[in-house]
Amino acid sequence: MINKHLIDPMDLSLEELDEIFELAHQIIQDPKKFSKVCDGKILATLFYEPSTRTRFSFEAAMMRLGGKILGFSEPNSTSASKGETLADTIKMVSIYTDIIAMRHPKEGAARVASKFSSVPVINAGDGGHQHPTQTLTDILTISTYKKRLEGLKIGICGDLKYGRTVHSLLKVMTLFDNNEYVLISPEELKLPNYIKKSVFEKNNIEYVEKRSLDNSIDDLDILYMTRIQKERFPNMAIETEIPGPITTAAAIRPIEKLLRDLRKNPQGVKELLDFCFEANMKWAKAFKKEFGPTSVMVVDPVGCDDILSPKQVEE
């Protein structure tokens, strides 16, 4: 894996995934042991669109491993505002750094960057396309809590059209057998056909599409929540076609409905392991207070201003 780009989640083999997860568990168990492994190395974080969690996670990780960082979070403060091409920026940055993590609003930008870089490039999100490092985090989380990556019934809820974390996760999960999928979204934000064909139909994987969480939660092992990617809408006409405001509140609404349903039938779920959703801590606490431990794991990959751990839920 030395000097290898990570642009698409399928750039990694099963063996490489296992190697990464084993290393991650070692770091979690003994972080001090790895506190100097990146001593003398420099990570460039090139963020051409806003980010809090992803950028901070890369930067914090590099510093905790003993390395240093440089980069930008506002492209208008760089020569890109004067017309410098992405290729020229990457050529220049790779002279000063050992590895580059880049987020860009245009699909395929990370692939272009890798063609012009003399150091490894990590795709930290390219438009509505892919987000491979988020997928690594998601899979590690699922395997840690559910103790397996096969034989799961997974609900994917939210913006499935523009949600790059969804596209990346589904691609990698094809490596694991006997999983079923429930795709839950408004009609206007359903999973693109090319993803259905390349992921589900090509691999003969079962899936169903629904427009509501109603009557779905009881059968799920995992509920993967994504926010509405309003910033990626090609025009605001889409916003008017989707019921309710395009905000986190719109995505929270199904959770409110779920809480009401569970009050009537609290036997439907058994253990809440982790719940992470922007501005939604109160609902996670409500789950914990009313129903105790549950069997459905609820994951929100992006859009979490507060990462809610099981310990926080208990507080």
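Axes are lines fitted to C-alpha atoms, for helices over the stretch in contact, and angles run from 0 to 180 degrees between N-to-C directions. The model is predicted: local features need pLDDT of at least 70, side-chain atom pairs count only at pLDDT 80 or more, and totals for chains, interfaces and linings use all residues. Residues are numbered from 1 along each chain as its sequence is written, and side-chain values use heavy atoms, with hydrogens and water left out.

**Exercise 1.** Determine how the axes of helix α6 and helix α7 cross.

*Solution.* Helices (H or I, at least four residues) and strands (E, at least two) are DSSP runs, numbered from the N terminus. The axes of α6 (residues 164-173) and α7 (residues 193-201) come within 9 Å, crossing at roughly 20 degrees. Therefore α6 is roughly parallel to α7 (angles under 35 degrees count as roughly parallel). In the contact (heavy atoms within 4.5 Å), α6 contributes H167, L170 and K171, while α7 contributes Y194, I195, V199 and F200.

**Exercise 2.** State the order of the strands in the open sheet and identify those at the edges.

*Solution.* Four strands form the sheet in the order β2-β1-β3-β4, with parallel pairing (two strands pair if DSSP finds at least two bridges between them). At the edges stand β2 (68-72) and β4 (121-126), each with a single partner strand, so one side of each has no neighbour in the sheet. On average, neighbouring strands of this sheet are turned by 15 degrees against each other, direction ignored.

**Exercise 3.** Describe the pairing of β1 with β3.

*Solution.* Strand β1 (residues 42-47) pairs with strand β3 (residues 99-104) in the parallel sense over five bridges. Opposite F47 stands R103 in β3.

How values were computed
Angles under 35 degrees count as roughly parallel, over 145 as roughly antiparallel, 65 to 115 as roughly perpendicular and the rest as oblique.
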